[in-house]
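Subject: Structure for your files

Hello,

Here is the structure I said I would pass on. My notes follow below it.

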Amino acid sequence: MRVTVRVQTADFDVGAEIARLRAGDKAVGAVAAFVGTVRDVNDATQVSSLTLEHYEGMTEAALEDIVAEARRRFDICDALVVHRVGALAPGDQIVLVAVTSAHRGMAFDACEFVMDYLKTRAPFWKKERRPDGERWVEARASDEEAARRW
Amino acid sequence: MRDSVATLVTLRLVYLARLRDAFGCAGETLALQGHETPTLAHVVEALRARGGAFAAELAPGRAVRYAVNHRLAAFDQSLENGDEVAILPPVTGG
């Protein structure tokens, strides 16, 4: 089983990524994918752009640990995480999590698990540019709660 | 008998995201002395003792995490010469 984790500045093509992920594996009966995108409003304030920073050297290892944990917990065929860093604009894609499995239940669960853990454990930080200046995005308590239920 | 001379370890500190802004630098080299077995707790203690932004941001109860050589670490993690200690504010990716 391949496990693929990528951190990149470039955009990604969801269709091409999923096609690659399930290519040649006829045991796959389900693909669940999540795509996170940049919103133009956060906490009722206009956001004109976003900068995503990460801790180089730790990020890939942290994502690989999360995918490995998903493999232990769920009966999945394969998984892919692509996360962008650098300057992003509203509407841009930020993150792709895609999971393949024999049946949909495991794919849905594993995909959500990976996202919930990524949101609370992978060393990424967002900085927003707003009319009143730049601001580091605050972590949400609801994200911690989402990760705790697994 | 144990050597009574305390170990000197030189560490690379990395401050990320909001903490880099709060501390006014991306990192520094820290020479930690006076502990037979230096731990992450000793680093945090030394930084808090500086007062100012360090004391405020690293105060007990603040949602800050630490990584040693790219792995999340607890306060009792022992440190060796050349280790990279990163201080991470709550993450906001995805």
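Why does B:L88 count as buried? B:L88 has 21 C-beta neighbours inside 10 Å, and a residue is called buried at 20 or more, so B:L88 counts as buried. Please keep in mind that this is a predicted model.

B:L88 belongs to strand β5 of chain B, which covers residues 84-88. Leaving aside residues up to four places away in sequence, B:L88 touches B:L16, B:V64, B:R65 and B:A67 in chain B, as well as A:Y55 and A:P123 in chain A. B:V64 is 24 residues from B:L88 along the chain, yet their C-alpha atoms are separated by 5.7 Å.

On the interface: 23 residues of chain A are in contact with 13 residues of chain B. On the chain A side, β5 (49-54), β8 (93-101), α3 (104-121) and β9 (124-130) each supply at least two residues. The most come from α3(A), with 5 residues. By type, this side of chain A has 15 nonpolar, 4 polar and 4 charged residues.

On the sheet: chain A has an open sheet of 4 strands in the order β7-β5-β9-β10, with antiparallel pairing. Its edge strands are β7 (86-88) and β10 (133-136), each of which pairs on one side only. Neighbouring strands are turned by 25° against each other on average, with direction ignored. Between β9(A) and β10(A), which run antiparallel, there are 4 bridges. A:R130 has A:G133 in β10(A) as its bridge partner.

Regards

Key
Residues are numbered from 1 along each chain as its sequence is written. Chains are lettered from A and ligands numbered from 1 in the order in which they are written. This is a predicted model: local features need pLDDT of at least 70, side-chain atom pairs count only at pLDDT 80 or more; totals for chains, interfaces and linings use all residues. A residue is buried if 20 or more other C-beta atoms lie within 10 Å of its own, exposed if 12 or fewer, and partly exposed in between; C-beta atoms are placed from the backbone. Two residues are in contact if their C-beta atoms, placed from the backbone, lie within 7 Å. Ala, Val, Leu, Ile, Met, Phe, Trp, Tyr, Cys and Pro count as nonpolar, Asp, Glu, Lys and Arg as charged, and the others, Gly among them, as polar. Two strands pair if DSSP finds at least two bridges between them. Axes are lines fitted to C-alpha atoms, for helices over the stretch in contact, and angles run from 0 to 180 degrees between N-to-C directions.
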